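Subject: Structure handover

Hi,

Here is the model for you to look over. My notes follow below it.

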Amino acid sequence: MELSYSHSHSQRVLRQRNMLAIAAAVLAALTILLGILGLSRDREIVLQPVLRSPLTVSSAGVSREYLEMITRDTVVLTLDRSPQNLEYWMNAVLDITSPRTQGKIKADLLKIVSEQRGSSISQFFTIETMEIDTRNLRSEVSGELHTIVGNKVVSSERRTFRYDWEYSGLSLKLVGFGMVTADKSKDQ
């Protein structure tokens with residue numbers, strides 16, 4: 001009797017152990033599946049409305065509206081400057097620049113700062129048209145570039161500027177910008 005009781009008890013413990021192992025394997029597989037789904041799904045951040053509608057930023061890519069708004073703000077930042085705000089201007093441009101191109105852009109900005117420091121030359125840009133290419137992450141903005149010496153406007157010229165972007169994760173960073181010349185293969 002003791003032998004049959006011991007055998008039935010052992011069988012019951014063995015079944016419980018096997019059921020526990022199966023449950024652990026199912027939970028481990030479910031955890032792995034959920035982890036894979038979580039990592040492969042597009043991430044999305046909802047931004048507060050700036051102009052017309054709420055914006056979303058997704059790991060799937062940059063939306064046209066987001067690239068347009070970032071370009072608009074970057075154009076104002078990069079092309080509106082005066083001798084009084086040169087340090088802020090340079091640091092703000094570097095803050096939105098990709099780390100891999102920051103050295104080259106900083107060298108170019110330092111040339112502008114050294115040329116303009118101590119002068120009374122200011123400039124501002126009025127946007128007229130904007131072309132957005134979300135696939136190549138490129139923006140081209142055309143408008144009037146106004147140059148002011150003292151308090152007198154000395155020139156107002158139609159110019160086009162190109163902005164190149166890099167999108168990594170959920171971060172859009174500037175990798176280069178400059179004026180588009182008549183020969184589009186040689187941009188400044």
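Leucine 37 counts as partly exposed, because its relative accessibility is 42% and the partly exposed class runs between the buried limit of 20% and the exposed limit of 50%. Please keep in mind that this is a predicted model. Leucine 37 sits in helix H1, residues 2-40. Together with Leu27, Leu30, Leu33 and Leu34, Leu37 makes a nonpolar surface patch of about 480 Å².

The largest nonpolar core has 18 residues. Val62, Phe125, Phe161, Tyr163, Trp165 and Leu172 have the most contacts inside it. Two or more residues each come from H2, strand E3 (121-133), strand E4 (138-149), strand E5 (152-168) and E6.

Phenylalanine 161 has contacts well away in sequence: leaving out residues up to four places away, Phe161 touches Leu79, Phe125, Ser139, Glu140, Val141, Leu145, Gly178, Met179 and Val180.

Next, helix H3 (residues 86-95). Its buried residues are Leu86, Trp89, Met90, Ala92, Val93 and Leu94. They pack against helix H2 (64-79), helix H4 (102-116) and strand E6 (171-179).

Is histidine 146 buried or exposed? Histidine 146 is buried, because its relative accessible area is 14%, and buried means under 20%. Histidine 146 lies in strand E4. Its side chain makes a polar contact of 3.1 Å with the side chain of serine 156. Not counting residues up to four places away in sequence, histidine 146 touches Ser122, Gln123, Phe124, Thr126, Ser155 and Ser156.

Best wishes

Note on methods
Residues numbered from 1 in each chain as written. Predicted model: local features only at pLDDT ≥ 70, side-chain atom pairs only at ≥ 80, totals over all residues. Heavy atoms only, no water. Patch = residues over 30% accessible without salt bridge, like charges linked within 9 Å, V, L, I, M, F, W, Y side chains within 5 Å. Areas by Shrake-Rupley, 256 points an atom, 1.4 Å probe, with all protein chains shown as cover. Salt bridge = Lys/Arg side-chain N within 4 Å of Asp/Glu carboxyl O. Helix = DSSP H or I, 4+ residues; strand = E, 2+ residues; numbered from the N terminus. Buried < 20%, exposed > 50% of the residue type's maximum accessible area, 1.4 Å probe, protein only. Contact = heavy atoms within 4.5 Å. Core = buried A, V, L, I, M, F, W, Y, C linked by side-chain atoms within 4.5 Å. Polar contact = N/O pair within 3.5 Å; in protein donor to acceptor, adjacent residues only side chain to side chain.
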